[in-house]
Structure formats: C-alpha cells, structure tokens
Amino acid sequence: MSLSAEKPGSAAEDLALGAAAVLRDNDMGGWTRASEDLYPHQWSWDTGFIAIGLAHLNVGRAARELLGLFEHQWSNGKVPHIVFNPAAPPHSYFPGAEHWSSAGAFPNAPPTPPYTSALCQPPIHAVAARLVAQVATGDEDESVAQKFLREIYPKLLRWHRYLLTDRDPEGSGLVAIYHPWESGTDNSPRWDAAMANVEVGAMPSYERRDLQHVEDPEERPTGLEYDRYIWLVESIKNARCDEKLLYETHPFLVKDVLASAILVAANEALLEIATMIGAPASERGEVRSWIEQGQRGLSGCYDEVTGLYLDFDLRANQPLRTRTVAGFAPLISGGLSPERLRSLVALLGSETFAGHPKLRKSLPPSTSPSAPGFRPRSYWRGPVWPVITWLLWWSLRRSGEAAAAENLRRVALDQISEEGFAEYFEPFTGEPLGSLRQSWTAAVTLDWLAAEPPYSKRA
Ligand code: 2M8
C-alpha cells in the first residue's frame, strides 16, 4: 500500500479524508472535543496535537484552537487540563464541572464559566504553535501565523514561567505534578508506587462515567485506583489549589520526566517564536536559561539499571523505577551525547519495547511487556498510543535519527489505516480500544501524511 499523500484516490488520500472527518465531527465551533462519548470537553495537551493536525487543513482554525484554550488560562499562568463544555450532556463525564466548581471559585481560576479543572497537562502548546506557523505558506496564511504568534507568545511565556516556579520551587528544571492525570499517562505503572502511599480518607460517594463508554472494564482504572484519583482531587479542592500548601502537604508530589522533557522542547520552540516576533532580550535569556536548567535536571534522572530516565517521588524521596515509554523522555528534550542517543534508540527498538516478538506492529507499547505493571488492554499500562508514537517520531527526526523515525511513521500509519483512529491499540492483537474516533489520533495522522521524507523542512 502506498502512503504517498500526492496520489488522488490513494490509501493516503482516504486516510487523510477520514482523519479530517473525525476532526470535523468533533469540532464544537472553534474548539475540538477529545472524542464524542468518552471525552466531550476540551483537554489541554489534546488541543496542542489537534492544532498540529488542523494546521494542514486550515492554519487560521488551528491558531484559533490554541488561542481558545488559552482564553481559560488562570491568573497564575496555569493552563487548565480540562475546559468543560457547558453544552455536554449532564453527567456525561466524571469528575465534571460541577465537581470541580463545588469548591467555589479557586482564587486564580477564571471567575466565570465555562469552568475548568484545577489540574494541568504536559506543555506541548509552544511546540504546536511553532509547527502551526511553519505549515503556513502563502502571504495570507503567513500573516495569519505572524499575528497568531504575537498573540500567543506572552501567554506561553506565562504558562512556562508558572511551571518553572510554582511547579519547581527548587529550581531543579523538573516539573512536579499533583495527580497522575497531570502526566497525561494517567494509569501508567509509573505512578503505582507513589499512589500506593496515598491513603484515601472520608469523601462523598461518586459515580464513575468512564465505564459506561467502554465495553471491557479492564480497559480502565480499577475501583481503588479511581478512589485514589478522586481523593487527590479532594485534597486539591481542600487546599483551594494553593500551590505552596500543595507542595507542602499534598500526598502525591512527583517530578515527571515526560512533562519536563516536553517543557524543554516547548522552551526551544518558545525561543524561536520569541526571536521571530522580536521579543525583549531579557525574555529570550530567561527562556534560554530554562532550556539549560531542564536539560541538566533530566540528565540526573538517568537510571543505569533500566537504561531509562525515571520520575522522582518527592514524598518518598526516591526514584520511581518502571519500564514505561516515558523513560525515553530525553529523546524529546534533546541535547543527549551521541552514545546516550544511540543507547536509547537501540532500547526503543529492542525486545523490551518496540521489538518485542509478540507485538502485532513494531511500535512502542506504553509499558514494556516485560514490566510487572504491564496490562495489554488497560489504558496507559500497555497499549500503543499513536500520540506518543508521534512524539517519539518528531523527536527522533529532530535528533537526526531519520531511519528510526520513518519506520515509526510508516508502521503507525499502517496501523491507523487498518484499524481506524482509535485512542489506543492492544499491542499484541492490534485491536482498537478506548474511544474509536479520537481527535488527536486523527490529528497526528494528518501531520504524518504531510511529512513525506526527506525530512528537510521542519527538522
Ligand atoms: C485521558 O485522561 C482523562 C483525564 O484527564 C480521563 O481518563 O478521563 C488521558 O489519556 C489524557 O492524556 C487525555 O488528555 C484525555 C483526553 O484524551 O484522556
């Protein structure tokens, strides 16, 4: 099958049309829901990936997607992980707007609806903003992109500053999270040890909604895992989201290597945007120092035993040793020695990850099949996520690993053309799981289709 985007009526063209249809059907008028049933709201890092895909359809619409999210930025710079859609069917998602807003308005939150959650997610937005602008060709699109970059730049700067102050008071270069939902890899075994120390106290009863939208409860977190998630939400609400108080008392506080690496890549993008729009030298210097700080912090997370980079549990004062795809995070932040880059690329393709002999497709599973926490159907505990494959592809390409990158792109496109735009795939059987028309899967498909090698333009 040819995936060349140029041939009309080709498999690639069908795939592009299918991807565009998913994004169109999930378009809520200026913003895009993550999926129809399971996720009827706007999610923060989904928005970044969605904008990257939309850019290939309409640069102005892609810009609007990101600007729309940033309209809900908190006064302390935080970009909320969910902006709740007031028109979504009542009780379609839990914990929804009513659950979060029952604490009363948090001091830094936007004062009027639509409500947001009080969490955040990995800061992919500056990377997305730069990619959107790079897709723009022709006078009209280029002037739209220029205006967009000028508008979004100060918001991105405030967002990154928030992460590097409130979420890193030690100046380690690493971002702390208060909840596994902030990692984006929610149910990953990355968090098992830290979550096991979270003691659930008395809290009001609640009704889960996610189980109504999937066929098999094994695909979603267990009851105890969910209790702990909701308990952490209670703790954040009780602290009225006071960052200093949370840093001192909240039972889950972990330095997240994936979010930290994405922040380094996002700061590199922000620096380029700053240069393009002629931002003050002092701001460019600040961003440059964040990049160095992040790379230094990440280099200290390397683990000789696994050959991966590990998260660090600040409460237990120890690294969280697991074999998950997040351990490849410094591929995203870059700045690796040639030896370390080589060893990470080899490990990614080895039997521990994408080269495992039982895999249906040679793509990195979210957790190594040889890790104790691996479960092939449970979300973030084993399945293959196209959006993570996209991040690795983008990073390998930037690191000059064109052959490894191209291999990921081709295999991932094959999987999606065979099985559709699923949220995630069972790694051994290839079965599509979770939401079956997930916006970010459609979006990365469009970006992959537009990226025929040689990779010159955006490397
Ligand atoms: C999943 O997370 C939400 C909570 O934020 C959920 O399970 O209800 C994760 O895959 C997350 O990374 C993603 O942003 C979100 C929407 O796609 O779904």
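**Exercise 1.** In this predicted model, find how much space lies in the second largest cavity and which residues line that cavity.

*Solution.* Step 1: the second largest cavity holds about 100 Å³ of space. Step 2: its lining includes Trp100, Ser101, Gly104 and Ala105. Phe106, Pro110, Thr112 and Tyr115 are also among the lining residues. Step 3: sorted by class, this lining has eight nonpolar residues, four polar and no charged.

**Exercise 2.** State how many cavities of 30 Å³ or more the structure holds, then describe the largest cavity.

*Solution.* Step 1: there are six cavities of 30 Å³ or more. Step 2: the volume of the largest cavity is about 240 Å³. Step 3: 21 residues line the largest cavity, and Tyr39, Trp43, Gln121, Asp186 and Tyr379 are the closest to its centre. Step 4: helix 2 (44–54) and helix 9 (223–238) are the elements that each give two or more residues to this lining. Step 5: the lining of the largest cavity divides into 13 nonpolar, four polar and four charged residues.

**Exercise 3.** Locate the ligand and describe the residues that surround the ligand.

*Solution.* Step 1: the ligand sits in the largest cavity. Step 2: it is surrounded by 16 residues, of which Asp46, Tyr93, Gly184, Asp186 and Tyr379 are the closest. Step 3: this shell has nine nonpolar, four polar and three charged residues. Step 4: look at the ligand's oxygen atoms. A polar side-chain atom of Tyr93 is 2.5 Å from an oxygen atom of the ligand. For Gly184, a polar backbone atom lies 2.6 Å from a ligand oxygen atom. For Asp186, a polar side-chain atom is 2.7 Å from an oxygen atom of the ligand. Step 5: on its own the ligand has 410 Å² of accessible area, and the protein covers 100% of that area.

Notes
Residues are numbered from 1 along each chain as its sequence is written. This is a predicted model: local features need pLDDT of at least 70, side-chain atom pairs count only at pLDDT 80 or more; totals for chains, interfaces and linings use all residues. Side-chain values use heavy atoms; hydrogens and water are left out. A residue is near a molecule or strand if one of its heavy atoms lies within 4 Å of it. A polar contact is a pair of N or O atoms within 3.5 Å; within protein, one must be able to donate a hydrogen and the other to accept it, and residues adjacent in sequence count only if both atoms are side-chain atoms. Accessible areas come from the Shrake-Rupley method with a 1.4 Å probe; for residues, only the protein chains shown count as cover. On a 1 Å grid over the protein atoms alone, a cavity is a set of points where a 1.4 Å probe fits but cannot get out, and a pocket is an open set with protein on both sides within 12 Å along at least five of seven lines; lining residues have an atom within 4 Å of a point. A molecule sits in a cavity or pocket if more than half of its atoms lie within 2 Å of its grid points. Ala, Val, Leu, Ile, Met, Phe, Trp, Tyr, Cys and Pro count as nonpolar, Asp, Glu, Lys and Arg as charged, and the others, Gly among them, as polar. Grid points are joined across faces, edges and corners, and a volume is the space filled by probe spheres set on the points. Helices (H or I, at least four residues) and strands (E, at least two) are DSSP runs, numbered from the N terminus.
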